[in-house]
Amino acid sequence: MFKLKKNNPEKFSFHMDEHPSDIPIAVHDLTVSYNRKPVLWDVDLNIPKGKLVAIVGPNGAGKSTLLKSILHLIPIASGAVKIYGRTFKKNKHLIGYVPQRESVDWSFPVNALDTVVMGMYRKIGWCLPVLRRHKEFAMECLRRVGMEDFYNRQISQLSGGQQQRVFIARALAERAEIFLMDEPFAGVDARTERAIVTLLKEISSSGKTVLAVHHDLNTVREYFDHVILLNLRIIDSGSPDFVLTEENLRRTYGGRLTLLDKAATALSNLDRE
Amino acid sequence: MKKKLYFLLLSFAILLLPSLNPLLFSEPSSLVLKHQHNFDWPSSEDFLRIISLRDYNTRIVLLGTMLFGFASGMIGVFVTLRKRALVGDAVSHASLPGVVIAFIFMVSLGGTGKFLPGLLAGALISSFIGVGVILLVRNYTRLHEDAALGIVLSVFFGFGVALLGITQKMKEGNSAGLDSFIYGKTASMLISDAWLILVSAFVVLILSVMFFKEFTILCFDEEYTLARGWSVFGLDLMMMFLTVGVTVVGLQAVGLILVVALLIIPPISARFWTSNLKKMFLISSCLGAISGILGAAVSALVPKLPAGALIVLVCGILFLVSLLFGSESGMFIQLYRNLRFQYRILIQNLLRSMYEIANSKQSFKEDDLKSFMIDYEELFNFRSWKKMSLMIAVEVSKFKNLVIKTKKGLIFTKSGYLESVRIFRNHHLWELYLLNYAGVGLGHVDHFVDDIEHIIESKILEELGEEQRS
């Protein structure tokens, strides 16, 4: 049934001052908890403009929670999120959201083009019909992600990577300045993954900001300009070359990486013997 | 604490159960009593009268049930896509206490208590209280939605039945006929009732078309809807309001037990015919309208058969037809697609074998196809296939005018030969690709190619051809 959601972080905000800034997303002292157990603890964060930003961390580190609290989809215990210096409410039209693929029912009777048009519903406005020019623009967005040949396919007939690209086209159709993506590479083959990365680089090079939850430590350096290491709190953030140090990764992944280290040392000892 | 509350509610419902007895066992017999004569088929005269709509009463009933089916089929599309179908059931059951309380209230004011808009207003209010309780239970206890639905459905219905028992003991007012809200009775439908249904169907139509975009996005992706700044709660409330509205006006026609069928069955039947939401919307409302009109017509022909049950039965038959013959995902179309695919593989295998046999012979000349015949015997030994599948392949190829069948063997037609050249080329391209690029061993390559060549798209084949040439 209905979900009663209390998205009113401003009530608790200590940063009521509002002036437009160049920072796409600024998070101040954000704390989020589920059933009194903190999931995000005192997160302070500035996302730089025009960059491809990855949120990296172990399972349960609060990566998706961070995205969802930026979108105000879950209640925030304390802290504030500013979009270009203003409240979410005033600037939410600047944010495009690409949810996890599993979050929707893919057997829904709709084709790829109509899914992209959904990104424009807000702009079209209440109760007004979808016009041909809206469809044309949606088609243009499909073309940008290389999916124009599949515009008439029912969405369940698309592969995982194609579904992801349709979702990205939907975010493009919103004419968003900031793209929030929850695991865009989940369940996508290596070739499609590279195609999506090329697309994201294209998007960010046009001055737009992309913030994506990412799992694979091996590809972070190659794909992203900026990395946020997260495990309940921010461990470090910045350029991948500076952030992805052994020390930082150990602090992020905790025991598990230490265990791997131990195994590595043990193996090298064995080799030496 | 909450567990206790749940337990208390449950035991309350169990306590109320015995009061169902008089209803379940005495009411249907009272229905039968109204028609003393034995069952008989309608005379041809009756039949004509109903079909030609000469009867004023029949006209109203058919119009009312048709509009009701139309409206519920329409809003049902969103309700089922939002996976809220059973909320409709809980809501309709929750309307009973409202109906009876409204009756008692009106009788105590000195009326007969049979003022329909009053009764329906009562139904509406108690349905909304039911929705509210579902919300409260779901949001403020740890119980799941199914539990919330079960509690509301049973307790409200139980309460309604208990109240119904009280009205039967009342001196003032005649409570007979209130039970028609449970099983539905169309025969008593008046022109004012038909108007009421017409107005509510119109409201549902207008609002569904107006908020088509918003409802679509809500049903597809709730989180996204919220992230884009829509009020999910507000949209849900509006959808619920329409559902409750349709349910309440349908109570009289179909009865509160069966009304949910018209919210669920037309949309899911429509899904078998299309995967376009707008078409689904159209088909679903038409199916609802057809069930309404046919069910009511049959019930008018055979007086003992209750209209509500017949409407739902017609609806069920339409579902069965859609399940079997639906042009999008019906069982037969799926079987057909599957078979067609199998046949295509068989034909391709046959033609390729024929090509390979023909080109290994000296006597074969491309410009004189007619004089060259391939024996069945040779064809059969060429591949490891079953006799049955070879026979099918031959028959289908002959039907498609790809080969000429003679007693001893097969002869290529012009188009058949061209097709076989194409198939052979594709096969060869794939073989080369797998050997050179995919690193598949020589021993396995034929097996892989056999699997993949039938399903590959022409665009990829073009690319392969380019690659080999360069």
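How many helices and strands are there in chain B? Chain B has 21 helices and three strands, both taken as DSSP runs numbered from the N terminus (helices: H or I, at least four residues; strands: E, at least two). Please keep in mind that this is a predicted model, in which local features need pLDDT of at least 70, side-chain atom pairs count only at pLDDT 80 or more, and totals for chains, interfaces and linings use all residues. Residues are numbered from 1 along each chain as its sequence is written, while chains are lettered from A and ligands numbered from 1 in the order in which they are written.

Of the 470 residues in chain B, 42% are buried (20 or more other C-beta atoms within 10 Å of their own, with C-beta atoms placed from the backbone).

Now turn to chain A. Six of its strands form an open sheet with mixed pairing, in the order β6-β7-β8-β3-β9-β10; strands pair if DSSP finds at least two bridges between them. At the edges sit β6 (95-98) and β10 (233-238) of chain A, each pairing on one side only. β6(A) runs parallel to β7 (residues 178-181) of chain A, joined by four bridges, and here A:I95 stands opposite A:I178.

How far can you trust chain A? Its mean pLDDT is 85, and 86% of its residues reach 70 or more; pLDDT is the predictor's confidence in each residue, from 0 to 100. Confidence is lowest in helix α11 (residues 255-272) of chain A, with a mean of 61, and highest in helix α3 (residues 112-117) of chain A, at 95. Where pLDDT is low, the predicted coordinates should not be read in detail.

Methods
A residue is buried if 20 or more other C-beta atoms lie within 10 Å of its own, exposed if 12 or fewer, and partly exposed in between; C-beta atoms are placed from the backbone.
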